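Let's walk through this structure together, starting with one pair of side chains and then stepping back to the whole chain. Keep the viewer open as you read.

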Amino acid sequence: MNNPQNILTRIAELTTKIETEYPELYHFLDENPVTLPSEIHPEVHVKELQDYLDSLQQLLDKHMKTHTKTNLIT
């Protein structure tokens, strides 16, 4: 089973990839101050982290299947 730190690292890597290589997807990420917990030390479970990582991967996979990048040569 993945540990929380490993999953967080993978989330950060995938989020960075989406931000830099697929900026059109970045606005779909629900990472805004309204969704952040108000507790000082909120409890986050491994399953929640894994679910979030899976949702990011699904978002990217779906986008890659439905959109193709084309290199225009001028």
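Aspartate 51 and lysine 47 sit four residues apart in helix α3 (residues 46-66), so about one helical turn separates them. Helices here are DSSP runs of H or I with at least four residues, strands are E runs of at least two, and both are numbered from the N terminus. The two residues form a salt bridge, with their closest N and O atoms 3.0 Å apart. That term asks for a side-chain nitrogen of Lys or Arg within 4 Å of a carboxyl oxygen of Asp or Glu. How many salt bridges does a search of the whole structure find? It finds one.

A word on the ground rules: this is a predicted model, where local features need pLDDT of at least 70 and side-chain atom pairs count only at pLDDT 80 or more, while totals for chains, interfaces and linings use all residues. Residues are numbered from 1 along each chain as its sequence is written, and side-chain values use heavy atoms, leaving out hydrogens and water.

Buried means under 20% relative accessible area, exposed over 50%, and partly exposed in between (1.4 Å probe, protein chains only).

Now zoom out. The protein has three helices and zero strands, giving the pattern α-α-α along the sequence. Of its 74 residues, 19% count as buried. Looking at contacts (heavy atoms within 4.5 Å) between residues at least 6 apart in sequence, 81% join residues at least 24 apart.
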